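I'll jot things down as I look them up.

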Amino acid sequence: MQDIINNLPKLAKDKHKENKIFFTKLKKKPPKQLDYIMQELHEQEFRKTDCLDCANCCKTTGPLFTDRDVTRIAKHFKMKTQKFIEQFLRVDEDNDYVLQSVPCTFLGADNYCSIYEVRPKACSEFPHTDRKKFQQISNLTLQNVAICPAAFNIVEKMKERIKL
């Protein structure tokens with residue numbers, strides 16, 4: 001798995017132009033069944049992919065924390081919201097709450113998340129490949145294929161399946 005993760009940025013870069021063209025066309029004329037196709041491709045990939053073997057998303061990027069995430073996770077730690085923010089988060093250039101540093105503070109050496117049951121929405125939905133109206137998040141997907149081997153595989157299968 002580590003070889004795949006190490007090669008992923010180069011693979012994604014090599015496919016970037018092709019993917020960008022594909023997603024531009026997809027945005028203009030998404031197939032009627034796109035949500036169903038994406039759900040199917042997502043499920044197929046995650047039947048054979050175990051995120052615990054990788055956790056590259058947790059090691060290299062940090063999620064956005066919504067106000068609801070912050071409240072829920074602070075409650076989990078029995079902390080005041082402001083104390084949780086001060087200890088773990090910072091405000092980024094887009095005025096969003098993000099982790100102070102990566103890898104994620106809550107990621108264990110075994111790739112398990114210590115707050116899995118209350119993790120941020122962005123984490124529970126990552127890599128967003130089964131999201132409704134998938135064509136609307138093409139820029140995010142272009143970033144995610146360089147981070148997540150499953151997202152990379154899903155996009156490759158998607159290009160085979162959907163002819164634009």
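I'm working with a predicted model, where local features need pLDDT of at least 70, side-chain atom pairs count only at pLDDT 80 or more, and totals for chains, interfaces and linings use all residues. Residues are numbered from 1 along each chain as its sequence is written, and side-chain values use heavy atoms, with hydrogens and water left out.

Entry one: the helix pair. I looked up α2 (residues 34-48) and α8 (residues 149-161), whose axes come within 10 Å and cross at roughly 135 degrees. Axes are lines fitted to C-alpha atoms, for helices over the stretch in contact, and angles run from 0 to 180 degrees between N-to-C directions. Helices here are DSSP runs of H or I with at least four residues, strands are E runs of at least two, and both are numbered from the N terminus. The crossing is right-handed.

Who touches whom? From α2 I noted Ile 37, Met 38, Glu 40, Leu 41, His 42, Glu 45 and Phe 46, and from α8 Ala 150, Asn 153, Ile 154, Lys 157, Met 158 and Arg 161; contact means heavy atoms within 4.5 Å. Right-handed means the near helix is turned clockwise from the far one by less than a right angle.

Entry two: the largest pocket. A pocket is an open set of points on a 1 Å grid over the protein atoms alone where a 1.4 Å probe fits, with protein on both sides within 12 Å along at least five of seven lines; lining residues have an atom within 4 Å of a point. Of 49 lining residues, Pro 63, Ala 122, Cys 123, Ser 124 and Phe 126 are closest to the centre. α6 gives the largest share, 5 residues, and α2 supplies at least two.
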